[in-house]
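Welcome! Here is the structure to look at, followed by a short tour of some of its parts.

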Amino acid sequence: MSMIEFKNVEKYYGNFHALKNINLEIDEGETVVLIGPSGSGKSTLIRAVNGLEEIQEGQLLVNGFDLHDPKTDINRIRKNVGMVFQHFNLYDNKSTIENIMLAPRLVLKRDEAENKRMAMALLEKVGLADKAANMPSELSGGQKQRVAIARSLAMQPKALLFDEPTSALDPEMIGDVLDVMRDIAKDSSMTMLVVTHEMSFAKAVADRVIFMADGQILEDSSTEAFFNNPTEPRAQQFLSQVEHH
Ligand SMILES: Nc1ncnc2c1ncn2[C@@H]1O[C@H](COP(=O)(O)OP(=O)(O)OP(=O)(O)O)[C@@H](O)[C@H]1O
């Protein structure tokens, strides 16, 4: 079953045409990496999936619900689709474990003892069991991002969206975050859509690679086909630039 489906989607910011005739289907359990030059529309596309950007035309089905239909309850979609941002977006005045427990408490009304048990298990999973009581300001960027990932997992989403999760991190912090993401991708029921410039992650973890430029999808291939034999000249050019970077 497809978890995310774009059908002839168009997005404008005023007169600027940011997404042009996007057609894309992502199945349940797939890990898809979205790459492309700066300004090509990657963030816009991924943010549309949980309703952070409105689309103007076409259909966008998430977990079977059409986001462009006014009857669709966006909060219901967001319960099932987590998002991890470049700048973590943690609540700075709440401890690590409180950051993780907040949404399940408020949105899912999860029992407090169970909520705490699950939050601790998630901290363990991301390697931060000893930081439960710390405030975000006491954590490194990489640790903050792992808390943000644990926080989205606490809602037990069907899909996770990652918008350049390692772009704001010091190079030595990136590996730990990518390891956690790789671990999540192993869960065959989790759907992941990841915007990243980390080509080694894409090669090792993605089932598919999507290449965007100028608001269009120019290539949508298996990871192996994309890296061995990109058909689109702009994708070839992009790869040679990032690989020599
Ligand atoms: N809120 C906005 N209002 C107007 N234009 C916008 C807005 N957000 C994005 N854009 C424009 O839409 C285009 C696509 O932006 P987007 O952030 O989706 O690109 P991107 O591929 O994610 O880029 P980057 O890799 O630099 O993050 C850019 O030209 C950008 O300037």
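## A strand in the middle

Val-84 has Phe-162 of strand 7 as its bridge partner. Phe-162 also stands opposite Val-194 in strand 8. Strand 7 pairs in the parallel sense with strand 6 (residues 81-84) over four bridges, and with strand 8 (residues 191-195) in the parallel sense over five bridges. Strands are DSSP runs of E of at least two residues, and helices are runs of H or I of at least four, numbered from the N terminus; two strands pair if DSSP finds at least two bridges between them.

Five of the five residues of strand 7 (residues 159-163) are buried, so this strand is largely enclosed by the rest of the structure. Buried means that 20 or more other C-beta atoms, placed from the backbone, lie within 10 Å of the residue's own.

## About the model

This is a predicted model, in which local features need pLDDT of at least 70 and side-chain atom pairs count only at pLDDT 80 or more, while totals for chains, interfaces and linings use all residues. Residues are numbered from 1 along each chain as its sequence is written.

## The nonpolar core

The largest nonpolar core has 68 residues, and Leu-34, Ala-150, Leu-161 and Leu-193 have the most contacts inside it. Helix 5 (residues 141-154) provides the largest share of this core, six residues. Such a core is a set of buried Ala, Val, Leu, Ile, Met, Phe, Trp, Tyr and Cys residues joined through C-beta atoms within 7 Å.

Technical notes:
A residue is buried if 20 or more other C-beta atoms lie within 10 Å of its own, exposed if 12 or fewer, and partly exposed in between; C-beta atoms are placed from the backbone.
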